[in-house]
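Welcome, and please take a moment to look around before reading on. We will walk through the structure together, one part at a time.

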Amino acid sequence: MIPGSFTYHKPQSISEASALLASLGDEARPLAGGHSLIPMMKLRMATPQHLVDLGGIAGLKGVTVENGTLVIGAMTTQAELIASDLIKAQAPILIETSLMIADPQVRSCGTIGGNVANGDPGNDMPAVMMALGASYRLAGPGGAERTVAARDFYQGAYFTDLQPGEILVAVVAPNPPRGHGYAYEKMKRKIGDYATAAAAVILTRRNGVIADCAITLTNVGETALVAEEAARAVIGSALDPATLKRATAAAEAIASPATDGRGTAAYRTKVAGVMVARALRRAFDRAANA
Ligand code: FAD
C-alpha cells in the first residue's frame with residue numbers, strides 16, 4: 001500500500017530536531033533508516049503527518065570511546081556496526097546480533113537508534129543492550145538531556161520512556177570485562193524474519209565456574225525480558241546438565257509469547273528455553289577462564 005501523505009522535515013542539528021518534534025506534537029515522528037517506520041506507514045498502522053528526518057544531523061553518527069565506554073551514535077547503521085573495529089574489540093555480541101538482523105539491504109539503512117527506540121519486542125538489539133547493561137542518551141527540547149538504562153526504557157509493545165520532543169542520540173554500552181563470553185542465539189523461520197524466540201548471554205568465568213551472568217530474551221513478551229532467575233541459577237556452576245535445565249526452566253517461566261505465525265505460545269516458550277541453553281553453552285565456551 002502507499003503511505004498517507006506527510007510533510008517532510010530535515011533538521012541539521014539535535015536541538016532543531018527536538019524543537020520541531022515538540023512543536024509538531026503527536027502528529028510527528030523521527031525518521032531514521034525508515035525500515036520499521038515506512039513499512040508501518042505503508043500498512044497504515046502508523047499515519048504520522050510529519051516526518052522529522054534525522055539523517056542530516058552529523059553528530060548522530062559513528063562509534064567512539066568515552067572514558068573507556070562505547071558510545072554509539074543513534075544514526076549508526078547496522079552495517080557500520082558490523083564493520084567497526086571498536087565494536088569488534090569491545091562488544092562483539094553487537095556484531096553477532098547485527099548479522100542476524102534481516103538481510104544486508106535492511107542492515108545498510110537500519111540504525112541502532114531506530115532499532116532500540118522502536119519499541120517492537122521483535123527487534124533484536126533491546127535484549128542485547130539489556131544484557132550489556134547499556135543506557136540510552138536522550139535529548140529533549142531546550143537542550144535537556146538525560147540517560148535511561150535500557151532495562152528501564154521499555155514499558156510495553158511500542159511504548160517506551162521517550163517523552164514528547166525527545167530523540168535518542170546515542171547508546172552507551174559499558175565494556176564487558178576482558179575475556180567475557182557472549183552469545184546471541186536466534187530461531188527464525190527464514191532470512192529476514194523476526195525471532196520466534198532469541199536469547200542473549202554475557203558471562204565471565206573464574207576458576208572454571210561462572211562468576212557473573214546476564215541473560216535476556218527477545219520476542220517472547222511485550223518487551224525484551226531480563227531472565228534474572230535463570231542467570232542466578234548458573235552462577236557458581238560449570239554449566240552441568242542439571243544447572244542448565246534449571247536455567248532453561250527459569251527462562252521459560254518468564255516467557256509469555258503470543259501464538260502467531262511463528263508458532264503456538266507453548267512452542268515459542270520452549271524455543272526460548274532452547275535458545276537460552278545454546279547461548280549459555282556458547283558463551284561459556286568462549287569465555288576465558290580467569
Ligand atoms: P525507523 O524505521 O526510521 O524508525 C523506527 C521507529 O523508531 C520510529 O517510530 C521512529 O520514529 C523511531 N526512531 C528512530 N530513530 C529514533 C531516534 N534516534 N530517537 C527517537 N526515535 C527514533 N529488526 C530486528 O531487530 N530484527 C530483525 O530480524 C529484523 N528484520 C527485518 C526484516 C525486514 C524485511 C525489515 C524491513 C526490517 C527488519 N528489522 C528487523 C527492522 C530493522 O532492523 C529496522 O531498520 C530497525 O528496527 C529500525 O531502524 P530504522 O533506523 O530503520 O528506524
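Between which domains does the second largest pocket lie? Domain 2 (63-173) and domain 3 (182-289) both give residues to the lining of this pocket, so it lies between them. A pocket here is an open set of points on a 1 Å grid over the protein atoms alone, with protein on both sides within 12 Å along at least five of seven lines, and lining residues have an atom within 4 Å of a point.

Before going further, a word on the model: it is predicted, with local features needing pLDDT of at least 70 and side-chain atom pairs counting only at pLDDT 80 or more, while totals for chains, interfaces and linings use all residues. Residues are numbered from 1 along each chain as its sequence is written, and side-chain values use heavy atoms, leaving out hydrogens and water.

Back to the second largest pocket, which holds about 190 Å³ of space. Its lining has 13 residues, and the closest to its centre are Pro121, Asn219, Asp260, Arg262 and Arg268.

The structure holds 1 cavity of 30 Å³ or more, a cavity being a set of grid points where a 1.4 Å probe fits but cannot get out. About 60 Å³ of space lies in the largest cavity, a volume being the space filled by probe spheres set on the points, which are joined across faces, edges and corners. Among the residues that line this cavity are Pro121, Tyr154 and Glu222. Domain 2 (63-173) and domain 3 (182-289) both contribute to that lining, so the largest cavity lies between them.

The protein chain also has a domain 1 (7-53), and these bounds come from an automatic or database domain assignment. The C-alpha centres of domain 1 and domain 2 lie 18 Å apart. Together the two bury about 960 Å², 77% of it on carbon and sulfur atoms; buried area is the accessible area (1.4 Å probe) that two parts lose on being put together, summed over both. In domain 1, Ile14, Ser18 and His35 lose the most area to domain 2, together 40% of what that side buries. Contact (heavy atoms within 4.5 Å) links 11 residues of domain 1 with 14 residues of domain 2.
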